[in-house]
Structures are given as structure tokens and as C-alpha cells.
Amino acid sequence: MSVDIQTVKRVARLARIAVSEEDAARMTGELNTILGFVEQLNEVDVSGIEPMTSVTPMAMRKREDIVTDGNKAADIVANAPATEENFFLVPKVVE
């Protein structure tokens, strides 16, 4: 895959980044070098190799997935002008 100067300008415009002509020309070469390296990585045979989360083997720490209200309902509605049973009370807007 190759990147041309028009692609660099388009990506810069989409990212809302101001890029001058000379910067766009420099970035074209840099991006083509990066993409060339990625293409080299695609040639490596990784079949049979499990994905890793770290360079060193380790068990992932996991917490139990429990649904709670956070025990903060009273704190959340504390500054509301009107509440009832930890719910916000608002004026009726539709009749």
C-alpha cells in the first residue's frame, strides 16, 4: 500500500490538522515507511501462536461482575430540589 500527498492532505483535513505543503510531502515519505514495515509484519507466520496480553506470562486479575446501585443514590439526589424514594421529581411538561 502506498500513500500519496493527496491522501495525507485528506487525512489531515478529516483530523482537523493544519498541514503545510512541505509537511505533507515529508509525512508522505514517513507514512510510506511505516506502512512498509506493517506489510513486513503481515508476512510473518503466526498460525498456532496464542495472543498475549503481556510479554511475561501472568493470570489476568478479574473482579466478580455484580450489578449494584453503587450505594450512592442518596448522594446523587442530595442536591435535587425535589426527590422521592431516591428519584428526581420534575414538573409535568406534557398534558
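What share of the 95 residues in the protein is buried? Buried residues make up 7%, where buried means under 20% relative accessible area with a 1.4 Å probe, protein chains only. This is a predicted model, in which local features need pLDDT of at least 70, side-chain atom pairs count only at pLDDT 80 or more, and totals for chains, interfaces and linings use all residues. Residues are numbered from 1 along each chain as its sequence is written, and side-chain values use heavy atoms, leaving out hydrogens and water.

**Fold and dimensions**
- The protein has three helices and two strands (DSSP runs: H or I of at least four residues for helices, E of at least two for strands).
- Their order from the N terminus is α-α-α-β-β.
- The radius of gyration, over C-alpha atoms, is 27 Å, well over the 12 Å that the globule rule gives for 95 residues, so the protein is more spread out than a compact globule. That rule is 2.2 Å times the number of residues to the power 0.38.
- Along the principal axes, the C-alpha atoms fill a box of roughly 65 × 45 × 25 Å.

**Contacts and surface**
- Of the contacts with a separation of 6 or more, 28% join residues 24 or more positions apart; contact means heavy atoms within 4.5 Å.
- The protein exposes about 9,300 Å², and carbon and sulfur atoms supply 57% of it (Shrake-Rupley method, 1.4 Å probe).

**Threonine 28**
- Threonine 28 lies in helix H2, residues 21-42.
- Threonine 28 counts as buried because its relative accessibility is 13%.
- Leaving aside residues up to four places away in sequence, threonine 28 touches Val3, Asp4, Ile5 and Val8.

Definitions and conventions:
Buried means under 20% relative accessible area, exposed over 50%, partly exposed in between (1.4 Å probe, protein chains only).
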